[in-house]
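Dear colleague,

Please find below the structure that I am handing over to you, followed by an account of what was found in it. I would be grateful if you read the account with the structure open.

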Amino acid sequence: MRIALLDSNKLKSYESHFPHDQLLGVKLERVGPYEEKLMEKEKMTPRERVRVALHHKEPDRVPIDLGGCESSIHLGAYEHLTTNLGLDVRPRLYDKMEQIVAPDEEVLQFVKADFRHIVLKKGFWLLAEDVEDRHDDPSGRPYFIDEWGIKWGKSQYYYDMIYHPLEEADMEDLEDYDWPDPSDPERYEGLREEAKQLYYSTDYAIVADEIFGGIFECAQWLRGFEKFTMDMYKRPEFATALLDKILEIYLSVYDRYLREVGDYIEVVKFADDVGAQGGPFISPVLLRKYIKPRWTKLYKFIHDKTRARLYHHSCGSVYVFLEDFIEAGVDILNPIQPRAAMMNIENIKREVGNRLVLHGGIDVQRVLPFGTPTDVENEVKRVLKAAAPGGGYVLACSHNIQADTPPENIVAMFKAGLAYGNYPIRI
Amino acid sequence: MARIVEPLDDSILDEIGDAVANLDVDKVLKLCSEGLNQGIPANEIVIRGLSRGLEIVGQKYEKGELFVTDLILAGENAKEAMTLLEPHLIADKDKPGVKTRTKVVIGTVQGDLHDLGKNLTATLLKAAGFEVVDLGKDVPPKRFREEVERTGPKILGMSALLTTTMVFMEDTIRDLEKNSIRKSVKVIIGGAAVDSHFAAKIGADAAAKDALEGVEICKGWSQ
């Protein structure tokens with residue numbers, strides 16, 4: 001089963017039918033066999049549905065996302081799921097570090113996912129096929145080294161950092177370091193064609209996935225978390241120089257990336273974790289001094305390049321930063337992790353739901369791995385009831401579905417999303 | 001006639017506590033040196049100075065006034081102070097009246113390399129007067145058990161971030177039981193995904209929601 005293609009005559013005028021600016025005035029009753037089939041049960045196409053929801057209005061039903069770097073499925077759970085669904089697919093790794101897959105089209109259609117994800121052709125760590133494991137670490141642990149020089153050792157389910165290349169660096173070392181090359185043409189080869197093809201030959205909303213960890217994350221990973229924290233307190237010049245170098249690379253990558261795909265996407269993603277389970281792990285003082293100004297610069301740059309909505313991922317407890325996200329230019333916040341402190345989605349919806357689209361929210365720490373399908377259904381109902389009314393919500397798990405998640409729970413989540421996600425929400 | 005001993009002026013201990021709470025490392029170090037020069041025993045400086053200061057840090061963290069980066073700073077400051085105090089603690093060890101430090105074996109469980117919480121806990125435990133044996137990360141059940149057998153700690157602390165590695169906490173406890181040493185040690189677990197229900201389920205004595213609560217629980221056990 002592959003994506004049905006639209007009639008070629010219609011393709012030519014397709015783009016002009018759906019300009020972002022006239023989104024809400026768009027006529028939904030389009031003609032053509034593909035659209036008719038799609039509209040048998042659902043009134044909107046996925047792209048329309050997403051556009052409406054991202055504009056804080058109610059579409060026909062809540063859009064569903066599966067895929068990308070933090071709303072996807074761990075390889076282990078995916079193999080289990082596809083076997084149980086009787087699908088003959090060969091899982092493709094999407095992110096080697098997290099060991100998550102790019103869900104196959106069959107699975108995406110099964111869960112009625114409204115988004116399709118694209119990403120740099122040669123990422124800084126993505127596309128696992130690019131990077132082979134090495135086996136010469138004294139610990140015996142298989143590992144790989146990414147383009148930044150960070151060493152990732154294999155654990156049971158993921159790869160974790162085992163070496164921070166700039167841990168002992170000083171200012172001079174920053175100058176001399178072998179930084180990744182943003183202009184490497186391999187990163188962007190075929191991206192435009194892929195985005196264009198998806199845009200014109202399908203009705204899905206296209207997402208440009210993030211390029212690597214965030215600005216803050218990258219600094220921590222290069223330096224080590226404790227070390228970079230102490231840099232911000234004790235070595236502000238070094239912290240500033242490191243963050244600026246990372247920002248310079250990111251600006252350059254997004255420049256090229258969005259030149260290729262900016263016209264075709266609905267969402268452009270960036271991820272920078274600032275929350276832990278019990279509270280933010282960076283103090284607001286440090287965030288506002290070092291991180292937020294750089295997010296603001298990057299997001300302004302991105303907004304100038306595309307009409308797509310800016311999606312920011314930070315798991316953990318980030319309640320105290322909601323206004324900072326908005327001020328920095330974030331449109332969509334993921335993943336609203338329900339078991340993290342102060343992340344009650346009902347409160348967040350009430351306080352910022354008209355300014356931030358909420359994406360995620362379904363508990364992956366307890367309910368999905370350890371609950372029953374009924375628990376999962378209740379979890380989806382809880383989140384939909386709180387976050388879906390008025391639009392501005394995308395159903396997704398509150399991080400990648402973990403390796404130990406039973407397939408029946410995954411199916412229950414998406415089934416409940418379709419069963420209870422129709423507008424107006426009646427739960 | 002009994003000799004009247006002038007009680008030691010230990011008001012500097014309060015000042016040390018306040019300097020720790022204010023994250024002012026220079027002042028902490030200066031006051032610790034002064035305290036030692038005044039003849040205040042190192043373990044008093046640790047328990048009534050550093051540890052009390054860290055309690056205030058913990059209260060501020062609980063109230064949402066401080067954050068993980070602040071805890072790291074507080075921990076690093078405490079570590080610097082401990083470098084200064086440690087030789088004195090060792091020298092004082094066998095002196096009469098000096099309480100033996102409670103030993104804690106701590107580590108991040110097998111399959112898990114996320115050791116930030118564990119490191120912070122180890123630092124804060126040391127600054128609270130505990131003797132800490134840190135086994136590092138990715139520690140298999142057997143290694144925990146062997147260390148408990150070898151060093152006979154009062155407390156075993158295990159940390160895991162991931163739902164997928166939490167199971168090794170249970171394996172470790174089973175291994176302790178199998179070797180009849182479970183009752184010799186209190187077991188505390190910590191990490192984002194663990195809670196008291198999970199602790200009860202696997203037979204641990206307590207679950208800590210963060211490093212600070214973990215230290216408080218251990219303090220309760222060491223009395």
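Two residues are taken to be in contact if their C-beta atoms, placed from the backbone, lie within 7 Å. Please note also that this is a predicted model.

I begin with chain B. Its domain assignment gives domain 1 (11–92) and domain 2 (103–222), and the C-alpha centres of these two domains of chain B lie 24 Å apart. Between them, 14 residues of domain 1 of chain B are in contact with 9 residues of domain 2 of chain B. On the side of domain 1 of chain B that touches domain 2 of chain B, the elements giving two or more residues are helix H3 (42–62) and helix H4 (68–92) of chain B. H3(B) gives the most to that side, with 8 residues. By residue class, that side of domain 1 of chain B divides into 9 nonpolar, 4 polar and 1 charged.

Helix H3 (residues 46–54) of chain A is largely enclosed by the rest of the structure, because 9 of its 9 residues are buried. Among these buried residues of H3(A) are A:Arg47, A:Glu48, A:Arg49 and A:Arg51, as well as A:Val50, A:Val52 and A:Leu54. After H3(A) comes A:His56, whose phi is positive, near 60°.

With kind regards

Terms used
Residues are numbered from 1 along each chain as its sequence is written. Chains are lettered from A and ligands numbered from 1 in the order in which they are written. This is a predicted model: local features need pLDDT of at least 70, side-chain atom pairs count only at pLDDT 80 or more; totals for chains, interfaces and linings use all residues. A residue is buried if 20 or more other C-beta atoms lie within 10 Å of its own, exposed if 12 or fewer, and partly exposed in between; C-beta atoms are placed from the backbone. Helices (H or I, at least four residues) and strands (E, at least two) are DSSP runs, numbered from the N terminus. Domain bounds come from an automatic or database domain assignment. Ala, Val, Leu, Ile, Met, Phe, Trp, Tyr, Cys and Pro count as nonpolar, Asp, Glu, Lys and Arg as charged, and the others, Gly among them, as polar.
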